Amino acid sequence: MSQASVHELYRALISGQLSRRDFFARAAALGITATAAGFMLRAAEARAQDAPSAPPVVAEGDGTMFAGQEITIQVIDASVKLPLDEVRDEYEAATGAKLNIVADPIETAFSKLIEDAATGTNSIDGSIIGMWWLGDLVAGNFVRSYDDYYDDTSAGYPQFDFEDELPGMRALRMYGGQKYVIPYDADGQALYYRRDLLADADHMAAYKEKTGNDLNVPQTWDELYAIASYFKETGIDGISMHLKVGGQGMFHYMSLSGPYVIGPENPVLYWFDPETMDPLVESAGHVEAANMIKQLFELGPEAQAGWALGEAWDHFLQGNAVFTFSWGDVLPLAVEQDSPINGNVGTAQLPGTLKYTNPLTGESFETEAPNLVGNTTGGSWSGVIMSGSDSPEAVYYLFALLATEAKQQFFATRGSDGVDPGRMSQMPPEAVEGGTGSLEEYVAQGFSEADAIEYTRAYYDTFQNPNQLPYLRIPGTAEYWNSLDIRLSEFVTGQVGSAEEAMAALAQDFRDINDRLGVDLQLEIYKDSLGL
């Protein structure tokens, strides 16, 4: 057992990349004794307790509003659970209610929630859900709208501004014109790059001589490929990705593929034909995107095919790759772990293309400027109130508390809680005109000013972009995405010979899922989810 492996495991634990269960499993695989693993866990918990927490905002509550009530909140066993633990005492003191927190593995949390609601057990009052769960929950009438609570400003609930979230994120919180999801986390993928390498005079000269182009932050995926290829030849991995089946590699494909398919002339057609529910994933744009992700895979370590999230992030954060594209956790983790590249991590909106193709008609549109497409790829883990709860107002109070501006400004700057920025109140005015966030708060948490400004600007650009990758929010979303994960892996690792073959197999998978769930019902829900 190498000391480096042990240190990497501990870093993953303290950064929130591993649940307790995954930590003990990996510790056992490394030959770490149960006693030693327990010591590491206690040390990590002590470190978390020493870390600063978000400021209280309702400590003046008199403890009678929900006295005698008891609520149970489900959350995945991951970093987004941390703020719930922190706020428990504040919530209970202010309301008189008792808060139970149940942490479930991400692999089983959704099925447990659905079973609890569908059987009428109703042991779960509220849940921090991934946004892809919402279609099933709304279709089953398992969650309730909170419009009435939000509109009642005299009831004593903590106040938050729904409009503070950027447009791309706000769209995820509503269904059929009603608010169902109380904002908490905001997920989307951005490009992270080594600023020091792209600004290095020797590399700039060598790249100019080799390609005739300036070495800049790439605006298109073709430019990124060219830059990553150059650095791969110098001995530095061009990119770091997580492409293990079950390791969320399909999210890489979704984000990358957006500008190959979506654009001003095609704002919504990506997943299915909204008239027939036939899959669109065999289109020319989808195939081009699959080919690009395989080309990029070849510019990173071969081990990427077996990497989950933590390994890919760590490879980049240790300074071993020029690029990665992922969620808002990456830069805060560089700060919190004091990564070797901390202070030199640039962030930008994901690159685009100079052509996109309508997947239904096959018509292509060339663009003079890069076609940049925003995304809300990921979970954007946030709270819903279960319809079967006997204490819906007490649940709303908790989630509204977590959504308050003071809490959210703090969460955005701290890497260990996994809560990422997507609000104007988290955007410093130095980065975004009209932003009301605090650059000083980012700096106080260890960000360099340059990194914080680029980071928040990148997420503003991503969520504010009028062109957005459509988010799939229908029953069976996890099944569709699992098929995409498998077919992508088969293509990237050479088990399937061409992107056309991989995407044709994926389309058939989608048809099979549609048939099993009911094409007509899926079509109706799909159209509702897109507001059509």
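Let me start with the ground rules. What we have is a predicted model, in which local features need pLDDT of at least 70 and side-chain atom pairs count only at pLDDT 80 or more, while totals for chains, interfaces and linings use all residues. Residues are numbered from 1 along each chain as its sequence is written, and side-chain values use heavy atoms, with hydrogens and water left out. Helices (H or I, at least four residues) and strands (E, at least two) are DSSP runs numbered from the N terminus, and two strands pair if DSSP finds at least two bridges between them.

I will take the sheets in turn. An open sheet of 5 strands has the order β2-β1-β3-β13-β4, with mixed pairing. Its edges are β2 (98-104) and β4 (143-144), and because each has a single partner strand, one side of each is left without a neighbour in the sheet. Helix α5, residues 106-118, lies across β1 (70-76), β2, β3 (126-129) and β13, and runs at about 145° to β1; contact here means heavy atoms within 4.5 Å, and angles run from 0 to 180 degrees between N-to-C directions, with axes fitted to C-alpha atoms, for helices over the stretch in contact.

The other open sheet I want to show has 4 strands in the order β8-β9-β7-β10, again with mixed pairing. Here β8 (237-239) and β10 (345-348) stand at the edges, each with a single partner strand, so one side of each has no neighbour in the sheet, and the twist averages 20° from one strand to the next. Strand β7, residues 190-194, pairs with β10 in the antiparallel sense over 4 bridges, with L191 opposite A348 of β10. Helix α14 (residues 309-317) lies across β7, β8, β9 (321-326) and β10, at about 140° to β9, and helix α19 (residues 449-464) also packs on the sheet, touching β7, β9 and β10, its direction making about 20° with that of β10.

Now the hairpin. Strands β11 (353-357) and β12 (364-371) pair in the antiparallel sense over 4 bridges, and T353 has N371 of β12 as its bridge partner. Between the strands are 6 residues, and G362 takes a positive phi near 80°.

As for aromatic rings, Phe, Tyr and Trp (its six-membered ring) pair if their centres lie within 6.5 Å, counting as stacked with planes under 30 degrees apart, edge-to-face over 60 and tilted otherwise. The count comes to 34 aromatic pairs, among them the tilted pair of Y149 and Y396, at 5.5 Å centre to centre and 45° between the planes. This pair links distant parts of the chain, 247 residues apart, with Y149 in helix α7 (147-151) and Y396 in helix α16 (392-403).

Finally, how many cavities of 30 Å³ or more does the structure hold? There are 3, where a cavity is a set of points, on a 1 Å grid over the protein atoms alone, at which a 1.4 Å probe fits but cannot get out, and lining residues have an atom within 4 Å of a point. The largest has a volume of about 50 Å³, and its lining includes M254, W271 and W481.

Terms used: 1 Å grid on protein atoms, 1.4 Å probe; cavity = no way out; pocket = protein on both sides within 12 Å on 5 of 7 lines; lining within 4 Å. Points joined across faces, edges and corners; volume = space filled by probe spheres on them.
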